[in-house]
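Colleague: Please take one part of this model and go through it closely. I have not seen the structure before.

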Amino acid sequence: MGWVHETDSEAAVIAKGWVGVQSFLRSIWLDKNQKQLLQWPIEEIEMLHENEVIEGGSLHETQGITASQADVKMVTRLGIGQ
């Protein structure tokens, strides 16, 4: 785990009552041109995700968590000729 410090103003920090967030470990590498630093959570994080499929047009409601606690990964596939 890592700690990410936010750059909020002192007044915003006092109003929130906290500052910063925890972060998962990340892989860091240079892009193919060796000019830009890239980063992404380590592969092992994927093991924490469930593979629940929700059909298009359906509603899925989760109880007991707030939006700030949710990690949503969405993949869409567009049909050709439909």
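Modeller: Two strands pair if DSSP finds at least two bridges between them, and strands are DSSP runs of E with at least two residues, numbered from the N terminus. This is a predicted model, where local features need pLDDT of at least 70, side-chain atom pairs count only at pLDDT 80 or more, and totals for chains, interfaces and linings use all residues. Residues are numbered from 1 along each chain as its sequence is written, and side-chain values use heavy atoms, leaving out hydrogens and water.

Strand 3 (residues 26–30) runs antiparallel to strand 4 (residues 37–41), and five bridges join the pair. Arg26 lies opposite Pro41 of strand 4, while Ile28 has Gln39 as its bridge partner there. Six residues separate the strands of this hairpin, and Gln34 has a positive phi near 60°.

Asp31 sits in the loop between the two strands. Asp31 is buried, meaning under 20% relative accessible area with a 1.4 Å probe, protein chains only. The side chain of Asp31 does reach the backbone nitrogen of Lys35, at 2.9 Å.

Notes
Helix = DSSP H or I, 4+ residues; strand = E, 2+ residues; numbered from the N terminus. Buried < 20%, exposed > 50% of the residue type's maximum accessible area, 1.4 Å probe, protein only. Lys, Arg positive; Asp, Glu negative; His and termini not counted. Salt bridge = Lys/Arg side-chain N within 4 Å of Asp/Glu carboxyl O. Polar contact = N/O pair within 3.5 Å; in protein donor to acceptor, adjacent residues only side chain to side chain.
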